[in-house]
Number of protein chains: 2
Amino acid sequence: MTDLHLALLKDDRPVLSPEEFEARLREKGTSYHIYHPFHVRMAEGQLTEKQLRGWVANRFYYQIAIPVKDAAIMSHCPDREIRREWIQRILDHDGYEIGGIKDPGGIEAWIHLGEAVGLSRDDVTSLRYVVPAARFAVDAYINFARQQPWQEAIASSLTELFAPHIHQQRIDTWPEKYPWVKLEGLQYFKNRLTQARRDVQHGLRFTLDYFSQSRALQERALEILQFKLDVLWGLADAIMLSQCEMEMKGEKQ
Amino acid sequence: MTDLHLALLKDDRPVLSPEEFEARLREKGTSYHIYHPFHVRMAEGQLTEKQLRGWVANRFYYQIAIPVKDAAIMSHCPDREIRREWIQRILDHDGYEIGGIKDPGGIEAWIHLGEAVGLSRDDVTSLRYVVPAARFAVDAYINFARQQPWQEAIASSLTELFAPHIHQQRIDTWPEKYPWVKLEGLQYFKNRLTQARRDVQHGLRFTLDYFSQSRALQERALEILQFKLDVLWGLADAIMLSQCEMEMKGEKQ
């Protein structure tokens, strides 16, 4: 990736207008993991019960990384206003109880999804089904948030631009394609429809503003978004490959 | 300080009982900054207006470090239950607005304290009166939370054991000793009376439990608390020394 300090230097290319810049960010959606063969098969109803369970169990490692990643962003951010908005993401995932308002949070909702596909709470929280390459992909994301400037870590959250589409797809297709999944398990996806739309408003506004200080910075934001898309793609790769290997070994699916 | 891995090894000394361990932690209160000559003079009403203002302006750098430090702890903590308790500290300092419940937060309350002693909001938030040695002391604390295990960073918060005393002292003495300070400025200290007592319950319970795995770990917790006491003492040193230097240069107090 481009060195940030180089990127901060003006270059000869014209700065993209906010509309052009946003359009370039949105174009990245063509490499969102909704187009990964594993997720295409998921939406088409082609996954076995064991494969769907494997996805839910592996993806849990991503779910528990989110509040840690968001705390890392806040731990580098000296701007109180931004922290006040960003903290909502941690509250959404970890859950909270403040003055009578109670939300068990997204991690808990994901555990319920696990139970809805036939895993036990311990199957999910023990991480025993998480394959190493899934960890590596997710860890790359956490490490990015820990090590890169917080502005870059905010830009890396912009895959949320594309998230409502994949959540809606699951809500629409699972009841028909996977009728054995308990319906209440879909609550996580329903919650995220609203939350992801609200989160992305904030992240997008910040990115369009901050990274428009130079064309090189805008290009850097596009690279960062690609990096995060690669994390999600790599996670799907890891899960699919581990399942292929199990099949090749003749394990019962 | 002791190496953590060495500390984890059992040593020949007996583990302190929870009561003994807590008593040893509380004994550290003898080096709390309430006994620092600068704070003794503050409580006795001996500070000039400029000196009190200097303290409020410098201490603001500590105030804004707190949520960043707490986010650093959360960014290393894989335990959701602990994060759910710890996040309250960030909410307390940054403020929040959740479902109709609104709290402007401790940083804002400190800015009001600044105004109550005759500083402008910009005098406080620009950090223009913060002396380098005050930054170094506070930065040592942030860096500890960023670089050490989160369990150690939690133990470092235990100076809150002694905080209600100093807050109460200011509430009791300032109206008489510094009648020129607007009374509403004392709200920060009043809020912290309750918050610090609640926070320390959690931090103390955790420390008594986690660090009682070995005597060496208990000794490590005592060292960590001493480190944090040194941070607060060093901050007071830095402020007092800078004011002595100004006096020696014959600047008008």
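The exercises concern a predicted model, and they treat a helix pair and then a chain interface.

**Exercise 1.** Determine how helix H4 and helix H6 of chain A are oriented to each other, and which residues meet.

*Solution.* Two packed helices are described by the angle between their axes and the distance between the axes. For helix H4 (residues 49-76) and helix H6 (residues 106-116) of chain A, the axes come within 10 Å and cross at roughly 175 degrees. Because angles over 145 degrees count as roughly antiparallel, H4(A) is roughly antiparallel to H6(A). The next step is to list the contact, in which A:Trp55, A:Val56, A:Arg59, A:Phe60, A:Gln63, A:Ile64 and A:Pro67 of H4(A) meet A:Ile107, A:Trp110, A:Ile111, A:Leu113 and A:Gly114 of H6(A). Sorted by class, the residues of this contact comprise nine nonpolar, two polar and one charged.

**Exercise 2.** Describe the interface of chain A with chain B by its extent, its polar interactions and the elements that chain A supplies.

*Solution.* Begin with the extent: 29 residues of chain A are in contact with 29 residues of chain B, and the area buried between the chains is about 2200 Å², of which carbon and sulfur atoms give 57%. Eight residue pairs across the two chains are in polar contact, both residues being at pLDDT 80 or more. Finally, on the side of chain A that touches chain B, H4, helix H5 (80-94), strand S1 (96-98), strand S2 (101-103) and H6 each supply at least two residues, and the largest share, eight residues, comes from H5(A). By class, this side of chain A has 15 nonpolar, five polar and nine charged residues.

Definitions and conventions: Residues are numbered from 1 along each chain as its sequence is written. Chains are lettered from A and ligands numbered from 1 in the order in which they are written. This is a predicted model: local features need pLDDT of at least 70, side-chain atom pairs count only at pLDDT 80 or more; totals for chains, interfaces and linings use all residues. Side-chain values use heavy atoms; hydrogens and water are left out. Axes are lines fitted to C-alpha atoms, for helices over the stretch in contact, and angles run from 0 to 180 degrees between N-to-C directions. Helices (H or I, at least four residues) and strands (E, at least two) are DSSP runs, numbered from the N terminus. Angles under 35 degrees count as roughly parallel, over 145 as roughly antiparallel, 65 to 115 as roughly perpendicular and the rest as oblique. Contact means heavy atoms within 4.5 Å. Ala, Val, Leu, Ile, Met, Phe, Trp, Tyr, Cys and Pro count as nonpolar, Asp, Glu, Lys and Arg as charged, and the others, Gly among them, as polar. Buried area is the accessible area (1.4 Å probe) that two parts lose on being put together, summed over both. A polar contact is a pair of N or O atoms within 3.5 Å; within protein, one must be able to donate a hydrogen and the other to accept it, and residues adjacent in sequence count only if both atoms are side-chain atoms.
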